[in-house]
Amino acid sequence: MKKFFFLFLIISILGSCKTDKKSEKKVIENSTIEIASEADEWIYLFDGTSTEGWRAYNGENLPPQWVVKDGELTFDTEKRTEEERKGGKDIIYAAEEFDNFELRWEWKIPEGGNSGMLYHLKEGDWGPPEVSPEYQMLDDLKWEEINDAKLEPWQKTGADYAMYLPDENQKIIKPAMEWNTSRIIFTPEKVEHWLNGKKLLEFVPWTEDWEKRKNEGKWKDFPKYGTFKSGYIAIQDHDSPLWFRNIKIKKL
């Protein structure tokens with residue numbers, strides 16, 4: 001009986017050790033998953049409360065026209081003088097530069113409005129669009145009528161401005177002052193532009209096709225265009241009221 005009890009005790013101890021090892025392994029596995037999850041976390045560039053991290057392009061402070069109202073990042077054209085009504089109050093998220101990423105945001109503009117979301121931007125003695133690829137944001141429905149001018153397809157919402165055209169069959173166009181959701185996915189293997197849940201275009205950067213479009217189009221006289229492989233996220237001021245919310249980025 002004593003021998004049986006002793007044998008049972010040994011088996012119980014061994015069983016306990018085995019369980020502990022499994023638990024330890026489980027903890028390690030959970031830690032690995034948690035670390036991977038942390039790597040996939042979104043970074044909020046604008047969370048509805050603060051403009052921390054943002055400043056003027058080639059500047060030190062945020063231009064006074066860019067303010068937070070009702071949880072939205074707004075460009076208030078009422079806060080500028082007549083001399084300032086030429087655009088150029090572009091802002092950058094200067095807290096960090098990004099190379100490969102997924103960027104998401106919500107935005108709306110008034111009738112005839114125009115803006116852009118830019119990436120891989122470096123500061124220098126050039127205008128941001130001269131070096132930085134741009135996701136075009138524009139009032140496709142009313143811009144031509146209001147400005148008495150014709151838009152090229154590469155100027156319309158969702159385009160990789162002056163480079164790649166959006167698929168108009170996939171585009172969900174919303175009237176001015178309605179919220180849109182946009183997304184850019186950038187990797188050296190593929191770039192995608194999305195609008196309101198639909199993929200509008202994709203291309204591979206720095207290929208022969210990309211170089212051909214650059215050298216034969218609007219950027220032929222701007223040798224630095226698209227050459228930076230990391231840089232700031234920027235929002236363009238085109239002398240139009242603007243509203244943004246939920247701007248976030250994930251490193252890829």
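**Close-ups of a predicted model**

**View 1. Strands E7 and E8, side by side.** Strand E7 (residues 114-121) pairs with E8 in the antiparallel sense, over five bridges. Strands here are DSSP E runs of at least two residues, helices are H or I runs of at least four, and both are numbered from the N terminus. Two strands count as paired if DSSP finds at least two bridges between them. Look for Ser115, whose bridge partner in E8 is Met137. This is a predicted model, where local features need pLDDT of at least 70 and side-chain atom pairs count only at pLDDT 80 or more, while totals for chains, interfaces and linings use all residues. Residues are numbered from 1 along each chain as its sequence is written, and side-chain values use heavy atoms, leaving out hydrogens and water.

**View 2. A closer look at E8.** Five of the five residues of E8 are buried, so the strand is largely enclosed by the rest of the structure. Buried means under 20% relative accessible area (1.4 Å probe, protein chains only), with exposed over 50% and partly exposed in between. Glu134, Gln136 and Leu138 point one way from E8, Tyr135 and Met137 the other way. In a regular strand, side chains alternate between the two faces of the sheet.

**View 3. E5 meets E12.** Strand E5 (residues 91-98) and strand E12 (residues 231-235) run antiparallel and are joined by four bridges. For a landmark, take Ile92 and its bridge partner in E12, Ala234.

**View 4. The largest cavity.** The whole structure holds two cavities of 30 Å³ or more, and the largest has a volume of about 120 Å³. It is lined by 17 residues, and the closest to its centre are Trp107, Leu138, Asp139, Lys174 and Asn180. A cavity is a set of points, on a 1 Å grid over the protein atoms alone, where a 1.4 Å probe fits but cannot get out; lining residues have an atom within 4 Å of a point. Volume is the space filled by probe spheres set on the points, which are joined across faces, edges and corners.

How values were computed
1 Å grid on protein atoms, 1.4 Å probe; cavity = no way out; pocket = protein on both sides within 12 Å on 5 of 7 lines; lining within 4 Å.
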